[in-house]
Amino acid sequence: MDPRRFSDLFIFNRVAEERSFTAAARGLGVTQSAVSQTVKRLEREMGIRLLSRSTRSLAPTAAGERLLATLSPVIAELGAEMDALERLREEPGGRLRVTCGKHAADTLVWPAFSRLIAAHPEIEGELSVENGYVDIVAERFDIGIRMRDDLEMDMVAVPVGPSLRAVVVGAPHYLDTSDPPRTPRELSAHRCIGFRNADDTLSPWSFEKDGQAETVKVSPSVVVNDGDALVRAALAGMGLAYMLEDLASPFLGDGRLVEVLADWCLRFPGYHAFYSSRRQPTRAFTLFLESLRQETRESR
């Protein structure tokens, strides 16, 4: 059917309901002349009179009544469905799929995710924890949480986590065997514990001091691919390890690990929530993003 025909039928239905061109025009926000011309065009194209007009009254003809018997329920049902969709946009129900890495899940995402689901149990939540690259559009995730440097250019990115800091640490009994490094270049004289990323690369060790940035690719004697294993290897005295500060903090506090190169380890921007610029945010999505921001505020 010609799309314009549906518009004409809608106007005819309104005129028949109001029994007045003037009242229908007022409700539709158009001129009385426009409404009258639309009905005339519809009658001309259909080749049949739909409305009986007089100077005092307006009423559907027999053909008009027959058309209205089918048309009115359809328009009413469509209007009800549009209202329901509008309410759905405002209500937090529905499905929310989130992807992030393990560290982000432990420190930021899980607290926000669990708070949201507890407050809105009608949301069907799914949290996928994986350190490798995820195409959130192809995999149909609503939102992902990653470092800014790992994001694609066509994604909308919103900062959600506190700034982070990486540290170099070792067990005291390891450091008793050799002098602590004073510069990143001196790491070559140490046993180091490497971290293998999901894409099979080894994480570089990045440093900065007095505006001078330096990245070191260590030759590790031990390699792991899990943050907890990285901590355990350092505690066991297998060498120096480069890790996010919050992983090491409990053991720095009780002396089981010692930080080195502290003046070379500066803070850097933390996690970002990212999503496709072409997606239409749902109410559940908006609430989750706010929950992430709340978690960020509380962690400062």
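Going by its relative accessibility, does Y242 count as buried or exposed?

Analyst: Y242 counts as buried, because its relative accessibility is 17% (buried means under 20% relative accessible area, exposed over 50%, partly exposed in between, using a 1.4 Å probe and protein chains only). Before going on, a word on what we're looking at: this is a predicted model, so local features need pLDDT of at least 70 and side-chain atom pairs count only at pLDDT 80 or more, while totals for chains, interfaces and linings use all residues. Residues are numbered from 1 along each chain as its sequence is written, and side-chain values use heavy atoms, with hydrogens and water left out.

Now for the rings. The structure has five aromatic pairs (rings of Phe, Tyr and Trp, the last by its six-membered ring, pair if their centres lie within 6.5 Å; planes under 30 degrees apart are stacked, over 60 edge-to-face, the rest tilted). One of them joins W205 and Y242, a stacked pair with 5.4 Å centre to centre and 15° between the planes. W205 sits in strand β9 (residues 205-209) and Y242 in strand β12 (residues 240-244), so this pair ties together parts that are 37 residues apart in sequence (strands are DSSP runs of E, at least two residues, and helices runs of H or I, at least four, numbered from the N terminus). W205 is buried as well, with 2% relative accessibility.

Y242 has another ring partner, F207: the centres are 5.8 Å apart and the planes stand at 70°, so that pair is edge-to-face. F207 also belongs to β9, so its pairing with Y242 in β12 links parts 35 residues apart in sequence. F207, like Y242, is buried.

Elsewhere, ring pairs gather W110, F113 and F288 into a cluster. There's a charge over a ring too: R97 lies over the face of F141, 4.1 Å from the ring centre (the rule asks for NZ of Lys or CZ of Arg within 6 Å of the centre and within 35 degrees of the ring normal).

Stepping back, the protein chain comes to nine helices and 15 strands. Its radius of gyration is 32 Å, whereas a compact globule of 300 residues would have one near 19 Å (taken over C-alpha atoms; the globule rule is 2.2 Å times the number of residues to the power 0.38). The C-alpha trace spans about 105 × 35 × 30 Å along its principal axes. Of the 300 residues, 39% count as buried.

Helix α3 makes a handy comparison. With 15 residues (32-46) at 1.5 Å a residue, α3 should span 21 Å, and its end C-alpha atoms are 21 Å apart, which agrees (the expected span is 1.5 Å times one less than the number of residues). V35, S36, T38, V39, L42 and E43 are buried in α3. They cover an arc of only 160° around the axis, which puts them on the same side of α3 (the arc is that of the directions from the helix axis to the C-beta atoms).

R19, in the loop between α1 (3-18) and α2 (21-28), has a positive phi of about 55° though it isn't a glycine. D200, in the loop between β8 (192-195) and β9, has a positive phi near 80°, again in a residue other than glycine. D200 counts as exposed, at 52% relative accessibility.
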